[in-house]
Amino acid sequence: MSLPEHSYIRPGLGMAMLIVLMILGGCSTSTHHAYDPTQEIEYRYSNTGPYPVTPIAIPANYGELGGTAYLPDDHDGPAPLVIWQNGTGETIATYDAIARHLASWGMVVIGSNHRQMGSGETAVSLVENAELWSATPGHPLFGRIMASAFALVGSSQGAVGTINAHTEFATGRSATALAIHGTPTREAIDFFGLDLRYDASSITAPILILTGTEDDFISPVRLNRTIFDSLTGPALRVLAVAEGADHIELANDAGRFRGYLTAWLAFQLLRDRYAPEAFIGRSEIASNPGWSLTDVSR
């Protein structure tokens, strides 16, 4: 979660907090993640998929900000949909590399230039617009999107937006799967002066919950464990903590998160035959030394 546009530092916080804020404020800068996946499934989905990708600009209209749709070229028929939700102050450009990566595996990824996506409304609007665009002859997305199969994915404030899109809106309730990263604590939300609320306990879709061991200020393991434990429905839920990952790890190429995020979406949206064993069966992620405190609902 990068800083709100008019954020401030509270008196008495000291130099350590100033450094934290400077790091978080740099989320939109170019970030290269030096990470080499060590496990078979993680490695497979960290690599680029079989489809070339074409980005298409979505123009702003009717008061809505524009964005980008990433299309898997040469895909046989409509492709399932991923709606990407940004961290505070970011646009889809911050996540361009991971969006292209997911599209290369056969998913249409749509992201917005909206910098405050916590309510979930923008994500729901994108799902509904995608269904309309795919049904409109002459539109660049005509016939390209299988809107009945979609996932909501979000980082930081975007994770809040993912939860709210699913729990507060009928359209979002029909999501095939969710993936949330870096969900902020109540204390972090208040610190940054954001008006955000969420209740994850009513989530009903399969969900991948991601954080990192170095994300203790905004999205500590204890919070993500609480979210995991609050879910009581029958849908599959996975809690995964990446060793050494900080709050901006999901930006750009997604670093440590890239392989298993891709595997999760391939599992849920593409019914890929290799991806499920990342999480169930032999559960590769549970024995991966680069991941800790991982749990899977039974």
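Let's start with helix α5 and its buried residues: Gln157, Gly158, Ala159, Val160, Gly161, Thr162, Ile163, Asn164, Ala165, His166 and Thr167. Buried means under 20% relative accessible area, exposed means over 50%, and partly exposed is in between, with a 1.4 Å probe and protein chains only. Helices are DSSP runs of H or I with at least four residues, strands are runs of E with at least two, and both are numbered from the N terminus.

A word on the source. This is a predicted model, where local features need pLDDT of at least 70 and side-chain atom pairs count only at pLDDT 80 or more, while totals for chains, interfaces and linings use all residues. Residues are numbered from 1 along each chain as its sequence is written, and side-chain values use heavy atoms, leaving out hydrogens and water.

Back to α5. That is 11 of its 12 residues buried, so the helix is largely enclosed by the rest of the structure. What covers those buried residues? The cover includes β3, α4 (121-134), β5, α6 (170-173) and β6. Contact here means heavy atoms within 4.5 Å. The expected span is 1.5 Å times one less than the number of residues. For α5 that gives 16 Å, and its end C-alpha atoms are 16 Å apart, which agrees.

Ser156 has a positive phi of about 60 degrees, although it is not a glycine. Is Ser156 buried or exposed? It is buried, at a relative accessible area of 0%. Ser283 also has a positive phi, about 45 degrees, and is not a glycine. Look for Ser283 in the loop between α9 and α10 (284-287). Its relative accessibility is 6%, which counts as buried.

Now the sheet. Nine strands make an open sheet with mixed pairing, in the order β1-β2-β4-β3-β5-β6-β7-β8-β9. At the edges are β1 (53-58) and β9 (291-296), each pairing on one side only. Strands pair if DSSP finds at least two bridges between them. From one strand to the next, the twist averages 15 degrees. Take one pairing in detail. Strands β6 (residues 177-181) and β7 (residues 207-212) run parallel, joined by four bridges. In that pairing, His181 stands opposite Leu210 of β7. Helix α3 (residues 96-104) packs on the sheet, touching β1, β2 (67-72), β3 (79-85) and β4 (108-112), and its direction makes about 30 degrees with that of β2. Axes are lines fitted to C-alpha atoms, for helices over the stretch in contact, and angles run from 0 to 180 degrees between N-to-C directions.

Next, the cores. A nonpolar core is a set of buried Ala, Val, Leu, Ile, Met, Phe, Trp, Tyr and Cys residues joined through side-chain atoms within 4.5 Å. The largest has 44 residues, and those with the most contacts inside it are Trp84, Leu208, Leu261, Trp264, Leu265, Phe279 and Trp291. Helix α9 (residues 258-270) gives the largest share, eight residues. Phe279 touches Leu208, Val238, Tyr260, Ala263, Trp264, Phe267, Ile285 and Val296, leaving out residues up to four places away in sequence. Another core lies apart from this one, with 35 residues, among them Ile58, Trp133, Ala159 and Phe228.

Last, the rings. Rings of Phe, Tyr and Trp (its six-membered ring) pair if their centres lie within 6.5 Å; planes under 30 degrees apart are stacked, over 60 edge-to-face, and the rest tilted. How many aromatic pairs does a search of the whole structure find? It finds 11. Tyr45 and Trp105 form a tilted one, 4.8 Å centre to centre with 45 degrees between the planes. Tyr45 is in helix α2 (residues 40-46) and Trp105 in the loop between α3 and β4, so the pair ties together parts 60 residues apart in sequence. Tyr45 is buried at 0% relative accessibility, and Trp105 is buried at 11%. Phe192 and Phe217 have ring centres 6.3 Å apart and planes at 80 degrees, so that pair is edge-to-face. Phe192 is buried at 5%, whereas Phe217 is partly exposed at 31%. Finally, ring pairs link Phe257, Tyr260, Trp264, Phe267, Phe279 and Trp291 into a cluster.
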